[in-house]
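Have the model open while you read.

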Amino acid sequence: MWRARAAAACLVCQSLGNSGYGMKGKSPLQKLHLVSRSIHHPCYPSSKFQRPPLRISVQQFSSLNHLTLRKTKLLYVKHGYQPHRNFWLARVASRLLKLRYLVLGSAVGGGYTAKKTYDQWKDMMPDLSDYKWIVPDFVWDLDEFIDFEKLNKALPDAEDLARLLPDFDKIGESLSSLKGFFSPGTPGETAFKATDQGYDNDKQYKKGLLGELILLQQQIQQHEEEARKAADQYNMGSSQQKAKVSDKDKIDQLQEELLRTQLKYQRMLERLEKENKELRKLVLQRDDKGIHQRKLKKSLIDMYSEVLDILSDYDASYNTQDHLPRVVVVGDQSAGKTSVLEMIAQARIFPRGSGEMMTRSPVKVTLSEGPHHVALFKDSSREFDLTKEEDLAALRNEIEIRMRNSVKEGCTVSTETISLNVKGPGLQRMVLVDLPGVISTVTSGMAPDTKETIFSISKAYMQNPNAIILCIQDGSVDAERSIVTDLVSQMDPQGKRTIFVLTKVDLAEKNVASPSRIQQIIEGKLFPMKALGYFAVVTGKGNTNESIDSIKEYEEDFFQNSKLLKTCMLKAHQVTTRNLSLAVSDCFWKMVRESVEQQADAFKATRFNLETEWKNNYPRLRELDRNELFEKAKNEILDEVISLTQVTPKHWEEILQKTLWERVSTHVIENIYLPAAQTVNSGTFNTTVDIKLKQWTDKQLPNKAVEVAWATLQEEFSRFMTEQKGKEHDDIFDKLKQAVKEESIKRHKWNERAEDSLRVIQHNALEDRSISDKQQWDAAIHFMEETLQSRLKDTESVIEDMVGPDWKKRWLYWITRSKEQHVRNETKNELEKLIKCNDDHAAYLANDEVTTVRKNLEARGVTVDPCLIKDTWHQIYRRHFLRTALSHCNLCRRGFYYYQRHFVDSELECNDVVLFWRIQRMLAITANTLRQQLTNTEVRRLEKNVKEVLEDFAEDSEKKVTLLTGKRVQLAEDLKKVREIQEKLEVFIEALHQEK
């Protein structure tokens with residue numbers, strides 16, 4: 001019964017096809033959808049609809065979206081017919097059941113096509129597994145409360161759906177639009193015929209855009225094979241000229257068909273990528289605007305870049321055997337490395353120069369996808385908008401400044417890595433490192449070791465067995481002049497991780513006499529080095545002001561009209577920077593997935609070794625790294641500064657008074673007391689003292705007092721900083737404390753108004769002469785006696801050094817006098833005779849007295865200079881004066897009674913005691929004033945300076961490395977870095993597995 005119905009359906013379809021639509025064709029099945037044909041005619045010969053076998057190969061990318069489109073004629077597919085039998089009963093039944101089978105076939109076919117189209121688009125949707133948190137948590141738990149199997153059973157099945165009448169207008173419009181887009185030929189030449197295949201082989205090919213992409217890719221491969229075969233035949237030649245002309249025409253025809261097929265493939269691919277890009281951009285923008293409350297997770301490439309940044313800070317010389325993958329961009333100077341990287345980043349982000357070295361240090365560029373095209377440095381929060389020219393100029397200037405700052409004095413290049421993150425829609429996720437260009441000669445202005453330094457930097461990055469080497473070769477110069485190819489071949493002899501890029505192909509095509517030379521380079525036959533892939537790119541016309549879009553357009557136009565591509569010297573997937581970026585990104589992530597777990601295990605083993613070493617060497621100490629040690633030292637220093645406020649006022653005043661008198665005592669004795677003591681009466685003595693004290697107070701005394709106070713503050717601060725705290729003292733902080741102390745003292749400045757107020761106080765104190773009680777009188781005598789005894793002791797010590805040892809020391813210690821000491825001793829003896837003759841002798845010798853002493857010495861055979869006589873007299877008279885003053889001081893102990901009567905009717909005059917009392921009182925008042933200023937103002941200002949110095953040191957990592965040194969610090973620092981690297985790698989691996 002079923003066979004009869006099928007036969008009847010065939011007759012009905014045939015009759016409808018001949019009379020209904022008026023379309024020309026050999027088969028009535030061309031009026032129906034492909035799937036409908038398969039459903040209506042299961043017995044229809046399937047061999048007429050078989051497509052070429054699918055060849056699974058590496059996906060080839062091309063960006064030729066401006067190739068000229070020419071009409072091509074596709075071969076007609078001839079359909080076979082079911083044998084026709086003239087049964088009138090079957091004919092009548094087919095006419096009666098025509099509508100039913102037509103509706104059923106259309107519905108089932110449309111539903112099948114819709115399902116396949118849905119599956120295609122679902123597969124092409126981006127992986128949004130990182131955004132699962134967008135959906136509320138209760139949605140994921142719905143299957144526990146709702147029985148979806150019952151709901152599925154409750155839904156109508158296929159038979160019920162087949163009874164529903166579809167919208168034929170919309171189906172017709174969709175088929176016509178797709179047919180017009182993909183097939184420029186006649187309606188019977190639709191490209192969908194190649195996607196249909198019978199059910200005999202049990203293979204189902206996808207419909208829609210994805211199926212068409214697969215078909216066009218196969219057609220491209222077939223056209224390439226046919227063009228290659230025809231080209232080989234044409235090159236072999238034949239004896240007849242007509243055969244040559246026909247072969248050439250065949251080659252041209254095949255090449256045109258190949259270009260047209262590539263254009264179709266590229267258009268559909270760009271359409272899918274554009275929709276995918278817009279969808280991902282929409283999702284990222286929603287996250288960026290903060291619609292959701294949860295924090296957006298970091299992307300994989302950002303997590304991986306953080307690990308590389310930590311490694312770069314940990315050990316820039318790669319002594320830790322860092323084998324994490326990264327894309328290393330190497331090439332000769334001015335070969336176009338930076339331009340290629342800018343094309344991949346889609347922004348002109350690097351400083352440019354005409355022939356001079358611009359890349360002076362490694363630049364790590366992390367490319368990631370984001371809603372906005374921005375760039376930012378790892379140590380800065382500023383975002384540079386790459387769509388604005390002023391931000392691009394500021395970014396280039398910042399990169400150039402950082403490069404120059406990283407270069408040490410006397411060097412040309414630096415090993416310090418500059419880390420830059422670039423985000424934007426459609427960027428391929430990867431980490432690239434742009435290295436300084438390899439040079440062959442050191443020019444003027446460069447350091448002598450520039451060439452060797454660049455080689456060492458390049459080798460350090462390329463010797464990583466998991467690093468992808470992007471070798472850039474300038475196509476506009478002779479290949480024999482290249483230096484980088486030999487270097488790359490040494491680092492990667494097998495070419496398992498090298499990608500070769502030939503730049504400036506447009507110039508190469510114009511300048512190279514033999515285009516086959518470019519083909520040899522791209523095929524890897526000219527250089528001894530091997531590579532995973534070979535690419536040819538064009539990165540501009542040489543104008544630094546060109547935009548990325550204009551460069552892309554120029555690159556695509558060039559390859560569209562290039563003979564290299566038309567003559568099959570270059571393949572479509574080997575050209576344009578877009579295809580290069582896709583290939584490099586695929587290789588990068590493949591290398592990451594293959595090696596990251598092994599590297600995580602290596603760092604885990606390193607961590608174990610470091611922890612074991614710490615336990616063995618420092619079992620009772622915490623593992624504090626340099627930053628933690630600095631914070632601990634900072635707290636100790638601040639505590640010591642605060643302890644300055646706890647010093648008692650008595651201690652401050654005693655130190656200030658003692659120190660101030662030590663500074664001014666010489667001036668008081670030599671310039672005030674001695675000249676006043678030479679006067680003849682007490683009135684003149686007091687007048688001389690008042691004048692000299694006034695001059696001293698106005699000019700020197702306040703400044704001396706401030707200097708003493710500042711020195712006292714420094715001494716107390718240093719004492720607290722250097723004082724050991726017993727067992728808790730840690731000598732690892734000594735260098736840091738010393739540096740903080742010196743810098744804080746250097747920044748501290750005393751209050752300028754202090755001298756003015758202090759001058760008034762000191763002047764008033766020195767003007768007072770009234771001693772109120774006997775206790776103050778005795779204190780003044782004691783102060784005077786101590787001062788005179790101290791000065792007398794110093795004077796006798798000076799005289800002893802001048803004249804040498806006396807006879808006791810010479811006999812006991814067997815020492816003798818020198819010739820000069822002998823002369824001075826004779827001079828001393830002669831001068832002492834003068835003092836014995838006149839106890840009230842003046843402080844200075846007269847000229848005739850000097851002459852008399854000199855002649856007396858010459859009479860005894862001692863030749864002496866007059867200056868030596870005066871110098872010796874100064875010390876002799878000083879000793880005599882101090883001895884006389886001390887004896888007078890003893891007499892004045894009982895002179896307070898006469899002082900109260902103003903020494904009336906008394907031969908005793910104690911004006912010198914009053915002078916020392918005035919000095920003593922001035923010292924006490926000055927010390928009290930300085931103590932108040934110290935405790936109320938200067939200590940707080942010093943504390944503020946210390947805090948500022950500590951904050952500056954905290955921001956200066958180089959300073960901390962210099963001041964906190966030692967094996968213990970370095971071991972703790974290594975342990976912290978390795979732990980951080982291992983933990984971040986584990987988080988990255990977990991996220992990587994989730995993305996899979």
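1. A quick definition before the overview: buried means under 20% relative accessible area, exposed means over 50%, and partly exposed is in between (1.4 Å probe, protein chains only). On that scale, buried residues make up 45% of the 996 residues in the protein chain.

2. Some housekeeping. This is a predicted model, where local features need pLDDT of at least 70, side-chain atom pairs count only at pLDDT 80 or more, and totals for chains, interfaces and linings use all residues. Residues are numbered from 1 along each chain as its sequence is written, and side-chain values use heavy atoms, leaving out hydrogens and water.

3. The protein chain has 35 helices and 9 strands; these are DSSP runs numbered from the N terminus (helices H or I, at least four residues; strands E, at least two).

4. Now the disulfide, a pair of cysteine sulfur atoms within 2.5 Å. The structure holds 1, and it joins Cys892 to Cys910 with an S to S distance of 2.1 Å. The link is left-handed, at -100° about the S-S bond. Cys892 sits in the loop between α31 (866-891) and α32 (896-900), while Cys910 is in the loop between α32 and α33 (911-955), 18 residues apart.

5. How do the cysteines compare for cover? Cys892 is buried at 0% relative accessible area, and Cys910 is also buried at 0%. Cys587 is partly exposed at 25%, and Cys837 is exposed at 70%.
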